[in-house]
Amino acid sequence: MEHLLSGLALDSEFFKLGGTVLGLCLLFLVTSRYTARKGIKAIFPPGPTGLPLVRNLLQFPSHFFWYQLDAWSKLHGPVYTFWIMNQPFVVLNTAAAAADVLDHQSGITSGRLQTIKGAFYGVDRILTTKAHSLGWRAARKAMHASFNIHSTLRFGPLQAYDATNLCLGLIRYPNKPFHLHVHRWSASIIFRCLYGHDAFDIEGDDPSTNMRRLAEELVQALLPQNSIVDIFPFLTPLIQRSKWLRREADTWKKETDDEGNRLYDGVDPTATWSTFVGDLNTNLEKYGLTKEDANWLSITVYIAGQETTAYTLRVLMLAILHNPAVAKAAQSQLDSICGSRAPSFEHREQLPYIEALIKETMRWRPVVPGGVPHLATEDVEFQGFVVPKGTIFFDNIWSQSRDPAVYPDPDAFDPTRFLDAEGCLIPQAPDIPLLAFGRGRRVCPGRDFASNGLFIVTATLLWAFDFEWPVDSKGKPIMCGTSEMEDHVVLTTVRSFDVKITPRREGLEEKLIEILAERDTDLSV
Ligand code: HEM
C-alpha cells in the first residue's frame, strides 16, 4: 500500500515490456476517460493492428516513443490511429494533417489529458497541462502580454548579456562539461526574466536548483507506470481520505508552492527590464488571476522554458561539430557583418544564416519530438474521418520535420534549405511554421523569446570561438554520434559531450569583460 499513489511497482515487467511512454500526458493506459459514444459513426484513420484487449499497448517502446510513431507513419501514411486499450490516439505525421486538425480546428482540439494522479498533484495549475478552460485562457493572456513578439524584446539586453557571460564561462572554466555551461545559461535567462537578479555565475550557486528538482519529481510522478490510481480509479476515494497515501503529492505541492512563492515574493524590484512577475503583480486583476495563479504561471514558465532551450543549444552544438562547413559559413557571415564588434540584435536581419541554422537545428532534432498531446473536446471531422471527442492527437513533430516532400534529404543538416538563392530567409508557408513549437491555440507561447535567446547566443558563440571535438591521448577525436540522444519523457536531447573551444579573437577574455560592462549598462538604462 505504501506506494499506492507514488507508483505501481516501478520496474514491473509488464510495463518494461511495452507499457510506458507518453510522458506527462499519457496516463490513461488502462483506464482511459474515453468512452465510445453512441449515436456517432466514428471513422478512425486506420493504423497498426494490435492484440485483443490491450491492442497496441505492448508495441510501445519504453523509451523514444517518437521513433515508433515514425515507423508506423511509414506504414500507415500521414494519419493513423493506434489504441491503448479502448483509448484512441490519432497521430498527425505531416504538417498538412497537423494544420487541418490542430490549427484549423483548434477550438475543439486544444484540450489536455486530465488524470487522477495529475489532479492529486494539482497539475491544473500548470499552464502546459491545464484543460482548455477560462483559467487556461487567462493564464495565456497574461503570458502573451509579456512574451508576445514585441514585448519579449524587452528581455533582449539580458539575453545578450547572458550570451556573453556564457562565452566568458567557457573560457574561464574549460574543464566544466559543456552541457552544464548551457544549463546555467538557459536557467539564468529564464530566471532573470521572471524574477530579476544577477546573471548566474557558472561556478556559483544555481538559484534554480530547487525548481529543477521539483520539475523532475513531477515528471517522474506522472509517468504512466507510476500511477496506479489511474489504472485502478476505484482507489481514488481511498487516497482522497488518507493523508498518508497522499503525502507524496501533498509534499510536492507544498514544496513547489513554497519555492514558487519564495521566488515570487523575492522578485528584484530594482530589475530594469520589467520582470514577468512584476508585470503579473501589477496586472493581476486585468488578467483575472489570483496571486496563486500568478505564482504557478511563473513556475510553469520556468519549467517549460529552461530545458527546452538548453536542449536545443546542445543539439545545435552537435550539428556544428559534425558539420564544420556550416560553422564556417555562419562565421563568414558574422565576420562580414559584425567584424570585431560582438553580434547584437541590431545585426539580426543581416544574419539570415544564423536564423537558418537555428531553424535547421529545430527541424533536424526537435527537442519535443512527439509534441504535447492535444485532446479533442468535441467530435472532429477531417479528411473524411470522424474522430470522437476524447480522442488524443499526437502532433508528430519528428515525422513532420523529416517529411521528404517538404524537406528533401531530411537526415542531412543543411541550414540553406531555409534560404533562397540570394541567401535570404524564405518566408514561412502558413501551414508550415517552425514545427518544433507545436500548433494551434496551444502553440508555444515562449517561441519568440526562445528564438531571440537562441539567435543571440548562437551568433555570439560562433563569433567568439571555433569549435572542435576534443582528442584523446592518441590524437583521436572524442566524438558523439548524431543519434546518441537521451530520452527525457516528452523531451529529448543529445547526450552530454565535450567540446574543444579556441578563441577566434586576440584578447577575447578582456573583450568579453568589456562587452559585459557595456551590456550591464544597457540593462540598467
Ligand atoms: C526551443 C525552445 C522551446 C521549444 C522547442 C518549445 C516547444 C514547445 C511545444 C512543442 C509546446 C507544445 C505546443 C502544443 O501543445 O502544440 C510548448 C508549449 C509551451 N511552451 Fe514551449 N518551447 C520552447 C521554449 C519555451 C520557452 C522559452 C517558454 C517560456 C518562456 C515556453 C513556454 C511554454 C508553455 C507555457 C507551453 C504550454 C502552452 C499551453 O499548453 O497552452 N516554451 N512548447
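Mentor: A residue counts as buried under 20% relative accessible area, exposed over 50%, and partly exposed in between, with a 1.4 Å probe and protein chains only. This is a predicted model, where local features need pLDDT of at least 70. Residues are numbered from 1 along each chain as its sequence is written.

Trainee: What makes α16 mostly covered?

Mentor: Of its 13 residues, 13 are buried. Helix α16 spans residues 352-364.

Trainee: How do you know that the reach of α14 is close to the expected one?

Mentor: The expected span is 1.5 Å times one less than the number of residues. Helix α14 (residues 291-322) has 32 residues, and 46 Å is expected. Its first and last C-alpha lie 47 Å apart. In α14, 25 of the 32 residues are buried.

Trainee: Why are α8 and α11 called roughly antiparallel?

Mentor: Angles run from 0 to 180 degrees between N-to-C directions. Over 145 degrees counts as roughly antiparallel. Helices α8 (residues 209-221) and α11 (residues 243-265) pack at about 150 degrees. The pair is therefore roughly antiparallel. Their axes are 10 Å apart.

Trainee: Which residues make the contact?

Mentor: Contact means heavy atoms within 4.5 Å. Among them are Met211 and Leu214 of α8, and Trp252 and Leu263 of α11.

Trainee: What makes β8 and β9 a pair?

Mentor: Two strands pair if DSSP finds at least two bridges between them. Four bridges join β8 (residues 485-488) to β9 (residues 491-494), so the strands pair. They run antiparallel. Glu486 has Thr493 of β9 as its bridge partner. Two residues lie between the strands of this hairpin, where Val489 has a positive phi near 70 degrees.

Terms used
Predicted model: local features only at pLDDT ≥ 70, side-chain atom pairs only at ≥ 80, totals over all residues. Heavy atoms only, no water. Parallel < 35°, antiparallel > 145°, perpendicular 65-115°, else oblique.
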